[in-house]
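This report concerns aromatic ring pairing and the solvent accessibility of the residues involved.

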Amino acid sequence: MATVQHANFIQYGRRTGLPKSAPTKRSGSATSTQNQELTVGVKLADGTDLRQVKVLPRREWNRIQESLHSNAREIERIKEARANREALHAQSKEIVQNWSNTIVGQRQKKLQARKLREEKEEEGRVKLDIEEAKYQAEKRKQAIDKAKTIQYFQTDRIKSFHGALLLTEVLKERDAQVELKKQKEAQSHGKDHELLKHYRAEYERGILEDQHKASKRYQERQKVAEYQAMQIKEHVKQQDQEELEDKKEGEEVRKLARLHEWEQKKLEQVRRQEKMLVMQSHKEHEQNKAAIRALEEQQEEEENEEIRLFAAAKKKMLRLRKQKEAELFKEVQDHKNKMTNLLAAQLKQKVDDEDSRIIKATKEKEEKLTKERDEKQHKLKKALKSIAEHRDEQLTLKERREKTERRKALEQLAVKVEADQVFNQKQYEKAVATKEHKKQLQAFHMAQINDRAEKERHNREEELHHDEQLVNLLSIEEEQFQEYANKVISAAKKKGQNPYPLTKAAQAGAGGGRGPTFDGKGGLRPSYMTADGYGVQLPNCQRSTTESIKSKCESGNAAVAKKRLGFVW
């Protein structure tokens, strides 16, 4: 069968929409037999009916695939061609970049040579800079050492020591002069005149040399004095500048303090104004409440007054009506009495034939009076009815007015309650904001206090550290001075000079005093002056007995010291 022989056949079911293959018509029994065989083998293991399958040849399948994937293949081909071109371009650039016979290669070679030349020049400049820096550092070091030496020689202690050195030279010179004087005296007693001349020449030569040395020392001292005066001027100028800076800083601090005081006063004033506003608003609120209460009371009084007036008017109308009725009744009675009297008089004057006419006139009169009375009664009823209608209308209007006023009062009360709530809310928010501001201000003050305490502690530590460094510096200076003094004393001893002034000036402890040394203050030796107008410095007469008593007291054996002083307890 074709489905087995061809390896690239593709099964398309009814889902692909391809038309079914039309069965071929065959005749006879061969056709039926073949159909039976095909019926047996037209179904696969998964139940697919091969009669519903479209079989395509490989050429047709390839054509369909090419038509479906032609765009993708074209894109792949374009990408591959671009990649090949870029690879060829990179390869050509890699080959060309090392060529020296091109313009770019020559330019690159020149740039590289220039770079190497600049690097060598930079290395040379760096070496020169390093040598110059070393030379300048050495010069600065020499100048600093010289300045330190000059400054060290200008200290009081070194000056006093140099004075002692000068005193030893003077003493030596005095001894030499005494010896010379003895020699002169011996020569005057018969020594050789030549020897005297020789000594005199030596003496004069020594005097000239001493004068030359003295003038040289004087010139050096003058130079040192000028340098010291210049330094003093610089120090004074620096101190003046520091004082100006301190004054400026003090002014700034005072300005800041005044600004802080002004801000505090402003805050206090704002708080006071807020309190006054709150108090004023509360007073206005109370006044408004009192005014509203007075207005309500006035309205009630007016309403009560209207009611009283209405009742009084009603009573007055009733009283007037009764008076009117009484007057009408009295008039009627008076009229009746008059008519009766008139009729009686007429009856007396007229004859009996006039009785009918009198009766008729009386009847007409009575009818007229009755008609008038009925009209008056009708008018009175109408007036009473109008009064009642007016009263009902006024009562209705009063009720409506009361309802309207009550509604307005309720609305005003609601508005007041809402305003009170808003005011209370604002007061609460203001109180919360004030509390928060106070907390922030408290935190700021605490931070300032902590910063100030930290600064003070830091300043104390710096002062202690400075004192410690000062003590160390004093001990180092003391060691240097003792080393220098020992060298000078040794040289003086070798020269045969008297070392006593140098030994006295080279005592341990700076300060120039005669008191005991303070070990905790860098070995300073203070001065103790007499408490009189002269202010003479007291001597230090400390002997071995004092040290013995101090050692016994410090060791706790006070009985020995007391016995030594003559105490008996």
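## Basis of the description

A residue counts as buried under 20% relative accessible area, as exposed over 50%, and as partly exposed in between. The model discussed here is predicted.

A pair of aromatic rings is described by the distance of the centres and the angle of the planes.

## The tilted pair

F153 and Y484 form a tilted aromatic pair, with 5.9 Å centre to centre and 40 degrees between the planes. This pair links distant parts of the chain: F153 lies in helix α5 (residues 103-153) and Y484 in helix α8 (residues 355-495), 331 residues apart.

F153 has a relative accessible area of 29%, so F153 is partly exposed. Y484 is likewise classed as partly exposed, because its relative accessibility is 24%.

## The edge-to-face pair

F161 and F481 pair edge-to-face, at 5.6 Å centre to centre and with 80 degrees between the planes. Here too, distant parts of the chain are linked: F161 belongs to helix α6 (residues 156-188) and F481 to helix α8, 320 residues apart.

With a relative accessibility of 0%, F161 counts as buried. F481 also counts as buried, because its relative accessibility is 2%.

## The cluster

Which residues form one aromatic cluster? The cluster consists of F153, F161, F481 and Y484. Within this group, F161 is buried and F481 is buried, whereas F153 is partly exposed and Y484 is partly exposed.

Conventions:
Residues are numbered from 1 along each chain as its sequence is written. This is a predicted model: local features need pLDDT of at least 70, side-chain atom pairs count only at pLDDT 80 or more; totals for chains, interfaces and linings use all residues. Side-chain values use heavy atoms; hydrogens and water are left out. Rings of Phe, Tyr and Trp (its six-membered ring) pair if their centres lie within 6.5 Å; planes under 30 degrees apart count as stacked, over 60 as edge-to-face and the rest as tilted. Helices (H or I, at least four residues) and strands (E, at least two) are DSSP runs, numbered from the N terminus. Buried means under 20% relative accessible area, exposed over 50%, partly exposed in between (1.4 Å probe, protein chains only).
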